[in-house]
Structure formats: structure tokens, C-alpha cells
Amino acid sequence: MYHKLEVKNLSAWFNEKQVLKDVSISFPSNNVTAIIGPSGCGKTTFIRCLNRMHELVPGARVQGKVLLDGRDVYRDMDAMEVRRKVGMVFQKPNPFPNMSIFENVVAGLKLLGVRDKKVLSERVETKLKEVGLWEEVKDDLRKSGAMLSGGQQQRLCIARALAVDPEVLLMDEPTSSLDPASTAKIESLIRELKEKTTIVIITHNVQQAARISDFTGFLYLGSLVEFGETKKIFESPKNPLTERYVTGRFG
Amino acid sequence: MDSRKAKELLVRAVTTFVSLSVAIPLLWIVADVVIKGLPAINFEFFTSLPAPFGETGGGVANAVLGTLVINAMSSLIGIPLGVLTGIYQSEYSGDKRIYSLIRTSIDSLAGVPSIILGLFAFTIIVMRVGHYTALAAAFALALIMIPPVSKATEEGMRSVPIEIREAAIALGLPKWVITLKVVFSIAKGSVITGSLLSFARISGETAPLLFTSLFSYYWPAGINEPMASLQVLIYNYAMSGFGEWVTKAWGASLLLLLIVLMINTLVRAVSKNKGGY
Amino acid sequence: MMIVQEYLEKINALLIEMNEVILTLGDYVEDVLKDKRGGLLPLTTELCRAAQMKEEKVQETCIESLIRLQPFAGDLRTIATSMKVAYHLSRICRYLRNITEVAEEFSLADCETGRTLSLYREAEEMVQVALRSYLQRDLKTARDLIKADESIDQKYREILRDLATGRHSGACILFNGLAARIIERMADHACYLANETIYMVTGERRIID
């Protein structure tokens, strides 16, 4: 099993406070890996270390290795290159409000100077189709991105992240602000996306992790408690702490 | 009626009365200007050069053009500098001390009386080149424009939510692209209103012009020459004692007032439309 | 809407009720083997049906809990195994009934049923121990029980050898042979039940013979 992304002994701090303690996880390619754990366990900090966004906070510090295809994301790569290859979708949909749907999808290209109309149009159509939004918006791509419903906006943000062809897609609780129908659409989308990308999803909803992930990691107070195939973790976890968490014995 | 209700009513009545009273001087001024200025307005007023002292006829065309030219030059200097400073303060000044230094400087600059800025321009430009020049006026007025434009830019950019910036960062865009093409692009509205307001502001400044562009009874000869302006024309003509000129001063006042009111109304309309940032 | 604990309590209560039926049926089987009593088939058939209805109820309760709770880990394994345990208990009820059914065919007045009775008592004990190990989540008892199956198999083969000698009447050979076979199967199901306990507690799946 090839591991697209490998995290080795990752620790992270906000000033003096240590939020991640020596976490090591390997993410298998073209699979969905879920990271679960109670609030404050360090899940969000963890994925922000994967695309080098944690370091943007003043006073933030990182130690350890994050390897993308064997290359050290901190030492061998430039931050922007990392972020192009490791995309991110956030909890609250955040389309650019001053841009149309079209411009939003290809923002990652257009803002860097790509002008070829044909290339851009193709990319818009392809990506909107991938996220299942094409039929709903194809007649009015010039409409502002902010005028869509919550679920549509989130799919637009996913399309935008996919437009730069990332190799890994990080998703920070992507459906927690959406209604059940939109959530179901996006979960179904995630199952399809893994064929092309490796996906890491953070969720506080264990049922969601059970539904869509192939592998699951349980983080608690900054440490990795258990990691394994989702089937196994949810059928018979090895660690009693994991057992207590997935059976809802503690939030 | 018990005393509590009476007090309530009293406070209400007093504040309403005072607030409405504030509108009175404004309405009075506008009425005065309109009544006294309207007689001066005609085709010749807008298209002709001033007639010599004592003669009737003539117009203020050179002053209109001059004001526009001076304002344009000031804007060309003041707005870019204000915008760049605003961008820097919002996005790039990491060190708190540098930020405070610049912030204090700009706030202080805003507090300097315009006549002193005019005197400053006089000293370093007019005295150097040996004659009055519109360039010095542009310099002085630019200094007046920088603080409000900078503030509007900075506030506009700061009000762009962090989620938007994060989305741009996560796409792997370089900082300058995010700053200019995403954040600034969203803050555009704020920058435009700030610029328009400062344009209206300098249209009313007279003191600096007296030390720099002074006046001229002819068409603007060049930017490095004295230049006519509506503000100075009003000053000169109103004090002249010559009825014809006094009327023209009122006409110019009316014109200036209209320009400033129009800009302010435009700004308010644009702000309402854009809402948001 | 109930929480996990409430569902598990409801399910366990049903399993215990099923066991009550087994005990009652067991008394009747004793009557047959010890006192050669007949005419019990209608009674035992009725009891069996009651047990089957309880099995259905267990199934229903489990399905409902899966829908409502989407349980995981220990909770999930407990619910999944309880469906199988209910099935094994129901099967055991049918075996007990079958013994009384077989007894109807023959007049057993002169039959030696001592060994068969002893085999039955051992198997009945195994069923009780197995169910107890499940309800109390007792891993050791469950593992020990599975080993005890050896003893039953041995005694069963002895009975068959004895019957093969031909010293009994034809009816007795048939009756004892059939009853012993039924009892041996009953013991097997007790072991399968104990095996479920192991999976429920540890998550470990094993196939036992």
C-alpha cells in the first residue's frame, strides 16, 4: 500500500502550549482517512500542519516531518508549492464574494495569470461536473459565488480546490454547517473523489467517519490513540479510550 | 403625568429640537448661495475668462479648469500614496512598533492645519523655484488626501474576513496576489468612497492654494505656473467690493457647493448599494 | 427513543425469557427420559412456538437499535451476537421438542434410558453455562465450555456403541439413538453460543467444530 502522505513524529505548539504530541500517521493513496476526536484534541491543528497553514499563526511552531511522495514538506518544498499540491476545504463555505461562479472555480489559475479562455472554460465545466454542480449552475456562471445555497457554495469551494489538481485534499469538517441533504451529496462526492485524490477528512461526527472513510485515526489531547481500517476501528477497536469515544461514552 | 414620563418627554423634545436646528444653518447657507449665486450662472460664466476689474461680463472657466487640474494632480499623488500606505498597514506591517509609528504619523498629518501644509509647500517648493506653481498646490493637497485614503483602504482591507484570506492561501497563491487580487479587490468599494470623499474635501481647501497656486486671470499656462481655482477666485472676488465680481463669487460658490454635494451623495448611494465590506 | 443500555437490557430480558422456556421444556424431557411419560407433544410444541416468537422479538429489537443508534464497537458486537444467541436458544428449544416428538412414536416402558438421561443432563448444564457466560460477558467460562464439548461427544459415541451391540429392542435402539443425536446437537449449539460470547467480548472470530 503506497502512502501518499506520511507524518512522522509531528508536534505543534501555539507559543508555549503544545497541541500535538509526537503524532505519526501514514495516509494511503486514493483512500479517505478520517481523523476523529473530541473538541480540542488537535485535529484542526493537525491538518493545518499538513498544508503549512499552522505556521501562519504568530507564535506557532512545528516539529517533525511531513512527507509528500517522500519529499519533506517543510524542508524540501516551498510553502506555496505545498498548498497547491495539498488543497483544503473549510468548515464554513468561503467562496470569493466579488467573483462569479466561473471565476471562483478557476481562481487558482486565473489569479496566477492563466488567460486562455478555452482552458479556463473546460476546467470550469469539468470541475463543476465532478462536484455535481454543473447542471444546477451552468446557465448562469456569471452569477456571484455568494448567491448559492450553503450546500452549493461548499461544492463550489470543493471545485475551486480541485481546479488546481491537488494530490491530497484536506477537508476540515466540510459538512458540519450544512443540512442533511447537502451533507449526503457531499459524502457521496467524497467517495467518488478518492479515485483521483487522497483525502483526509476531519469530522466530529463518528457516524460520518464510519460512513465514508477507509481508514480512521483517533486523536485525543494531541496524541494519536489508535489508527486503523475503519471497519476494524468501528467493529472492535483495540484501545479502550477509542471504544469509549466511538460508543459515545464521552464527547 | 408623573415626573418620569415628563422627564422622558423633555429629553426627547430637547434632542429632537437641537438636531433639527442643526439643519437650519445648512439650509440657510444653501438657500443663500442658491439665491445669490443663480443670477451669475449663464453660458458665459462657464466658458469665458474673467473680464478685467471694473468691467462686466466674463466668466470663471479658467478657475473651473484650474480646480479640476489641481485636484487631478493632487489625486494622482495622494490617492496612490494613501492606498499603498493603507495596504501596507493592513497586510504587511508585522512589527507593532512600525505599525504604530506609521499610524501615528498619518493621524498627526491629518491633524495638521491645512494652512500650515500650504506654508510648508510654499517653503520647500515655491521658494525653491522662485514662483508660485500649481505643482506645490498639488503637493500640499496630496498631503491632505493621504490620511483619509489610507484609513479607508486599511479599514476596507481589514474588514475582509479571515476565511476569505484562508481560502486564497490554501490555493497556494503568493501573498502579493492575495493582497492585490483578492483582498484589495474586495475592499475596492471602501477605497473608492474614501478617495471620492477626499476629492470632495480638497475641493474646499483654500488656504494651501493661497501659498502655492495663487491665482491667474488666464487659462492654465502649465502645471509649473500659478493657476486659477474656484476657491481662490471666491476669496478674491468676494473681497473685491465690485458688485459684478461679488455676484460671480456667489456663482462660483454655488458651483463648488454643487460639486461637493454631488460627490457626497454619490458616495452615499454607492455605499448603500454595495453594503457588505 | 432509547439509548444503548435500554436496548441491551430489553434484549437480555428476552433471552432470559427464552431460557425459562428451555428450562420448562427441559423438565418435560426429564419426564420423558426418566418416567417414560408420553403425550407431551402438544405442550412442547406450544412452548417452542412461544420461544420462536421471542426470537423474532429479539431480532426486531436489534434491527431497531441499529437504525436508531448506529452503534459501534462493543455495542455493535453485543447487538449482532444477541441475534445469533437468540437463534441458538430457539434451535435448542426445537431440539428439546423433537425429543418429546420422537418419544411419541414408541412405547418406552421397557427401555433403558439412563445413559441418554445422563447425556441430556450434561448437555442441559452446558446450555445454562453458555448462556450465563454470555449474559455475564465471562470470557473464561465461555472458553472452558467449548473444550467441554469433547466429553459430550465421547459419551455420545459410547451410547451409540452400546446400542449397536443389539442388546436392546428395536424401538429402544431407535429412540435412544435419535434422542442421543438430538442431545449431541444441542450441546453443539451451546458451544456456538459460547463462541458468540468470545466474539462479543474480544472481537475475535473463530470457527469451532
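Modeller: Let's begin with strand pairing: two strands pair if DSSP finds at least two bridges between them. Keep in mind that this is a predicted model. Here, β4(A), residues 60-68, is joined to β5(A) by two bridges, and the two strands run antiparallel.

Colleague: Which residue of β5(A) does Leu68(A) stand opposite?

Modeller: Arg71(A) is the residue across from Leu68(A).

Colleague: And what holds strands together in a sheet, in general?

Modeller: Strands of a sheet pair through backbone hydrogen bonds, and they can be parallel or antiparallel. In chain A, four strands make an open sheet, ordered β2-β1-β4-β5, with antiparallel pairing. The edges are β2(A), residues 17-28, and β5(A), residues 71-72; each has a single partner strand, so one side of each lacks a neighbour in the sheet.

Colleague: Okay, now chain C. How many helices and strands does chain C have?

Modeller: Six helices and zero strands. Going along the sequence, the pattern of chain C reads α-α-α-α-α-α.

Colleague: What share of chain C is buried?

Modeller: Buried residues are 43% of the 209 in chain C.

Colleague: Let's move on to where chains meet. How do I read the contact between chains A and B?

Modeller: Count the residues, then ask which elements supply them. On chain B, 15 residues are in contact with 19 residues of chain A. On the chain B side, α7(B) (162-170) and α8(B) (175-204) each supply at least two residues, and α7(B) gives the most, with six. By class, that side of chain B has 10 nonpolar, two polar and three charged residues.

Colleague: And the contact between chains A and C?

Modeller: That one takes 10 residues from chain A and nine from chain C. On the chain A side, the elements giving two or more residues are α9(A) (206-212), α10(A) (230-235) and α11(A) (240-246). The most come from α9(A), with three residues. The side of chain A that touches chain C splits into five nonpolar, three polar and two charged residues.

Methods
Residues are numbered from 1 along each chain as its sequence is written. Chains are lettered from A and ligands numbered from 1 in the order in which they are written. This is a predicted model: local features need pLDDT of at least 70, side-chain atom pairs count only at pLDDT 80 or more; totals for chains, interfaces and linings use all residues. Two residues are in contact if their C-beta atoms, placed from the backbone, lie within 7 Å. Ala, Val, Leu, Ile, Met, Phe, Trp, Tyr, Cys and Pro count as nonpolar, Asp, Glu, Lys and Arg as charged, and the others, Gly among them, as polar. A residue is buried if 20 or more other C-beta atoms lie within 10 Å of its own, exposed if 12 or fewer, and partly exposed in between; C-beta atoms are placed from the backbone.
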